[in-house]
Amino acid sequence: MIWQISWYSDIGDRIINEDRVETEDLGNRACVVLADGVGGQGGGSTAATVVTKRMAEVFQERKELFEGGDGKALKEAMEDVNSLVVVMQGGHSRAQATCVTLWLEKEEDGSCKVVWGHVGDSRLYMFLEGKLVHVTQDHSVRALWESRGETPPPGIGRSAIWQAMGEPEGVEAEISPVMTLKEQEAAFLLCSDGLWEGLTSEEMEETLAMCESPGDWLARLRGSLRAVCGKKRDNNSAAAVFIY
């Protein structure tokens, strides 16, 4: 199997862009990582830069991505990068960022192994044969209440998250099971809340059906976002991966 990767990052109508995207394609393996600086904390763009660049470096340094057949290496990487962001804070700031990342590796039999992980409310969407099969669960306060079947208290906004990279006490990175793709066509979308908040999963699936490349898909998604939000847009960024 082979893959194609495309990405973009748009400042929207904000003064600065706190989203960051990094990709590494080494031929037989690849990594995509997206981070969104947490608003209101100060230093969010710096935290997002540290997260994406260091995650990409750790990926390159790893000799075995799937040793043991699980996502332990990815979990350890995210925990290590969280610690690095804490050190960067120097005890004087709460600079934090969300993080969502995807690791891919080709096998000798032609199949492709994938694993992903996230902290915060940047999302990963997975599509198989053009159909949505998985969306990561936001680490937001509202989603936490709803997962318990309870109604969130008044005043809790959608953007309030209970963890991000840069937590002094550590993060609970949510890691997927390792998946092996053999003959199924797959598409992955990693995006910040500036994109997914303005689009439905149905719109993502519909635009995917029209596209032959990840770059074309992202262009259509951006067009849909502009149609919905006009000029009043948050930072919005995404990376798309096609595997076939």
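**Figure 1. Buried salt bridge between R123 and D138.** R123 and D138 are both buried in this predicted model. Their side chains form a salt bridge in which the closest N and O atoms are 2.8 Å apart. R123 belongs to strand β6 (residues 123–128) and D138 to the loop between β7 (131–135) and α3, so the pair ties together parts that are 15 residues apart in sequence.

**Figure 2. Salt bridge between R14 and D234.** The side chains of R14 and D234 meet at 3.5 Å, N to O. Because R14 sits in the loop between β1 (3–10) and β2 (19–25) and D234 in the loop between α6 (214–229) and β11, the contact ties together parts that are 220 residues apart in sequence. R14 is partly exposed, at 41% relative accessible area, and D234 is partly exposed as well, at 28%.

**Figure 3. Salt bridge between R94 and E167.** The closest N and O atoms of R94 and E167 are 3.9 Å apart. R94 lies in the loop between α2 (72–89) and β4 (99–106), and E167 in the loop between α3 (141–147) and β8 (174–175), so the pair ties together parts that are 73 residues apart in sequence. R94 is partly exposed, with a relative accessible area of 35%, whereas E167 counts as buried at 14%.

**Figure 4. Salt-bridge network of D10, R222 and R233.** Salt bridges link D10, R222 and R233 in a network. The whole structure holds 13 salt bridges.

**Figure 5. The second largest pocket.** Of its 15 lining residues, G130, E185, A187, L208 and F242 lie nearest the centre. β10 (186–191), α5 (201–208) and β11 (236–243) each give two or more residues to the lining. The lining comprises nine nonpolar, one polar and five charged residues.

Definitions and conventions:
Residues are numbered from 1 along each chain as its sequence is written. This is a predicted model: local features need pLDDT of at least 70, side-chain atom pairs count only at pLDDT 80 or more; totals for chains, interfaces and linings use all residues. Side-chain values use heavy atoms; hydrogens and water are left out. On a 1 Å grid over the protein atoms alone, a cavity is a set of points where a 1.4 Å probe fits but cannot get out, and a pocket is an open set with protein on both sides within 12 Å along at least five of seven lines; lining residues have an atom within 4 Å of a point. Helices (H or I, at least four residues) and strands (E, at least two) are DSSP runs, numbered from the N terminus. Ala, Val, Leu, Ile, Met, Phe, Trp, Tyr, Cys and Pro count as nonpolar, Asp, Glu, Lys and Arg as charged, and the others, Gly among them, as polar. A salt bridge is a side-chain nitrogen of Lys or Arg within 4 Å of a carboxyl oxygen of Asp or Glu. Buried means under 20% relative accessible area, exposed over 50%, partly exposed in between (1.4 Å probe, protein chains only).
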